[in-house]
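Please read the points below with the structure open.

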Amino acid sequence: MLKIIKASDIGFWSYQFLGLLSFFFNRGKDFFVITEHKIILLLDDKLIKKIEYLDFSSITFNSASSILNFIDKENRTRNLNLSRLRLTYEEIQYIKSKLND
């Protein structure tokens, strides 16, 4: 339903030790995916969150704070902070357009 894939950010210490080589090596991927029943967030190819939700139409996104709000399988309101994804303006607009359809 919604998918964002981007290159992971290079950490400060990786850059300090490897310098410019860190731009070419050890570059992981960041993934944010919303399927029909799950929200998945992977940062630097590591699973951060995998949450099941009830209804796609109830998912909202606050672009000012990069917070995704939804209702999980236990019928509780949950929040997921997407600020670690470093979303661009275009990615924010993409998320908003998919959630408003």
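1. A residue is called buried when its relative accessible area is under 20%, exposed when over 50%, and partly exposed in between. The model discussed here is predicted. With a relative accessibility of 26%, R78 is therefore partly exposed.

2. How many salt bridges are there? The count is five. A pair is included if a side-chain nitrogen of Lys or Arg lies within 4 Å of a carboxyl oxygen of Asp or Glu.

3. Which residues are linked in a network? Salt bridges join D72, E74, R76 and R78 into one.

4. D72 takes part in two of the contacts described here: a salt bridge with R76, where the closest N and O atoms are 3.2 Å apart, and a salt bridge with R78, at 3.3 Å from N to O. Is D72 buried or exposed? Its relative accessibility is 1%, so D72 counts as buried.

5. R76 also pairs with E74 in a salt bridge, with 3.3 Å between the closest N and O atoms. E74 has a relative accessibility of 54%, and because the cut-off for exposed is over 50%, E74 counts as exposed. R76 itself has a relative accessible area of 46%, which means that R76 is partly exposed.

Definitions and conventions
Residues are numbered from 1 along each chain as its sequence is written. This is a predicted model: local features need pLDDT of at least 70, side-chain atom pairs count only at pLDDT 80 or more; totals for chains, interfaces and linings use all residues. Side-chain values use heavy atoms; hydrogens and water are left out. Buried means under 20% relative accessible area, exposed over 50%, partly exposed in between (1.4 Å probe, protein chains only).
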